[in-house]
Amino acid sequence: MSWPADAELVEDQDHADFRSSVRSFLAQHAPTRRVRQLCDDAGRVERSALWRQLCTELGVAGLCVPEEFGGQGAPASYQVVLLEELGRTLAPVPMFASTVLATTALLESGDAEACKRWLPAMVRGERVATMAAGERPHDWDLRSVTTTATCLGGRWRVTGSKPWVVDGDNATLALVLADSADGSVLLAVDLDDEAVRREVSATLDPTRPAVTIHVDDVVADLVGGVGEGRRIVDATMRRAAVALAAEQLGVATRALEMAVEQAKTRVQFGRAIGSFQSLKHLLADCYVEVEGLRASVRHAAQALDDGDPAQATLLAHLCKAVGSDVALDVAGASIQVHGGIGFTWEHDAHLYFKRATVSRQWLGTPAYHRDKVAALMLGATA
């Protein structure tokens, strides 16, 4: 299949058609009432079934994977559209863990053998993978990694603990960053190994499960070269930050839609509450924030497709910082517009607020990413 090479900042017909297909599928198979059912333990098997259905019917797991590994080779701009739509529905599928993190890491490693071994099954949705890199949930300074790896007789073994491994409960493969005597390495660990222990993490967001993975002298396979681990993870995080910002855009967009709908239909003192000036200003400010984030995400996706690592890194940090603030601001405003019902379990507004709160911390806080932007800008002008 051929894909348009350039992503326009104003969405073209191809992107619009793809968005329409994804939205239609999610509306039919992952409405919010089903998302709630899938979030408890009993829904784990159904989550896997939904993911396989997404992979087989829409090819989401192989969207940006080269055709030689079973994918479709689409530009990053299509993945951005997909993540935005998943953010709108909060669908609890391992898109981020398996497709954004693990798949990108495999491709960035340049290890053709590892890609041939793992990617086809991941693309078909038959295997779920994840990545376990950082060891501090609120920033991604990988200098603090304490997980160690040794190589004896050509076999790698890894020991350590990795917190906040997204979708680690359903994954059967984890790409683990560790330090060895010869430098950092990325290792493929079979999570079904008896020496691997998974501990469910308490999380505010029920739509995105996470676990802590403990590995104790587990046999693993090297992905990429020795000393390449941090480089691979850094390159992966560049794309992951853009993808997460796209998802935050979807969260903010849907939260704003819900708020506007409430403002138009809720009547007080004989008038729709949206006719009051304070709410008009609040919702107008939210709209401006959302559209600013939309432009940031599309610029960053364009930089990824252009193959400009320096520009893509700068824009990835920028849009993750902006996305974190916008999603939380708009989700909070939506609860405010809904009044008391916005706080109740039965209403969906709190689900978007919880996703926005957790995503704000994940892959680094806004302050962390702004520091990175400042360092890159000052370095560029020095």
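Me: In which strand does Thr 130 lie?
Reply: The model under discussion is a predicted one. Its residue Thr 130 belongs to a strand that covers residues 129-132. That element is strand S1.

Me: Is Thr 130 buried or exposed?
Reply: A residue is called buried when its relative accessible area is under 20%. The value for Thr 130 is 0%. Because 0% falls under that cut-off, Thr 130 counts as buried.

Me: Which backbone oxygen does the side chain of Thr 130 reach?
Reply: Among the residues that Thr 130 touches are Ala 97, Ala 102, Val 165 and Val 166, with residues up to four places away in sequence not counted. The side chain of Thr 130 comes to 2.8 Å from a backbone oxygen. That oxygen belongs to Val 166.

Me: How many salt bridges does a search of the whole structure find?
Reply: Side chains of opposite charge can pair when their charged atoms come close. Over the whole structure, the number of salt bridges is 21.

Me: What separates Arg 254 and Glu 257 along helix H7?
Reply: Arg 254 is partly exposed at 24% relative accessibility, and Glu 257 is partly exposed at 30%. Both lie in helix H7, which spans residues 229-265, at positions 3 residues apart. Their separation is therefore about one helical turn.

Me: How many residues apart in sequence are the parts that Asp 325 and Arg 360 tie together?
Reply: Asp 325 lies in helix H9 (residues 309-338), whereas Arg 360 lies in helix H10 (residues 349-361), so the pair ties together parts of the chain at a sequence distance of 35 residues.

Me: Which helix holds Arg 370, a salt-bridge partner of Asp 325?
Reply: Arg 370 forms a salt bridge with Asp 325, and the closest N and O atoms are 2.6 Å apart. The two residues are 45 residues apart, and Asp 325 is in helix H9. Arg 370 is partly exposed, at 41% relative accessible area. The helix that holds Arg 370 covers residues 366-381 and is helix H11.

Me: Which residues are linked with Arg 19 in a network of salt bridges?
Reply: Salt bridges in this protein also form a network. Besides Arg 19, the linked residues are Arg 23, Glu 84, Glu 85, Glu 291 and Arg 294.

Me: What radius of gyration does the protein have?
Reply: The protein contains 11 helices and 9 strands, and 54% of its residues count as buried. A compact globule with 382 residues would have a radius of gyration near 21 Å. The value for the protein agrees with this expectation, being 21 Å.

Technical notes. Residues are numbered from 1 along each chain as its sequence is written. This is a predicted model: local features need pLDDT of at least 70, side-chain atom pairs count only at pLDDT 80 or more; totals for chains, interfaces and linings use all residues. Side-chain values use heavy atoms; hydrogens and water are left out. A salt bridge is a side-chain nitrogen of Lys or Arg within 4 Å of a carboxyl oxygen of Asp or Glu. Helices (H or I, at least four residues) and strands (E, at least two) are DSSP runs, numbered from the N terminus. Buried means under 20% relative accessible area, exposed over 50%, partly exposed in between (1.4 Å probe, protein chains only). A polar contact is a pair of N or O atoms within 3.5 Å; within protein, one must be able to donate a hydrogen and the other to accept it, and residues adjacent in sequence count only if both atoms are side-chain atoms. Contact means heavy atoms within 4.5 Å. The radius of gyration is taken over C-alpha atoms; the globule rule is 2.2 Å times the number of residues to the power 0.38.
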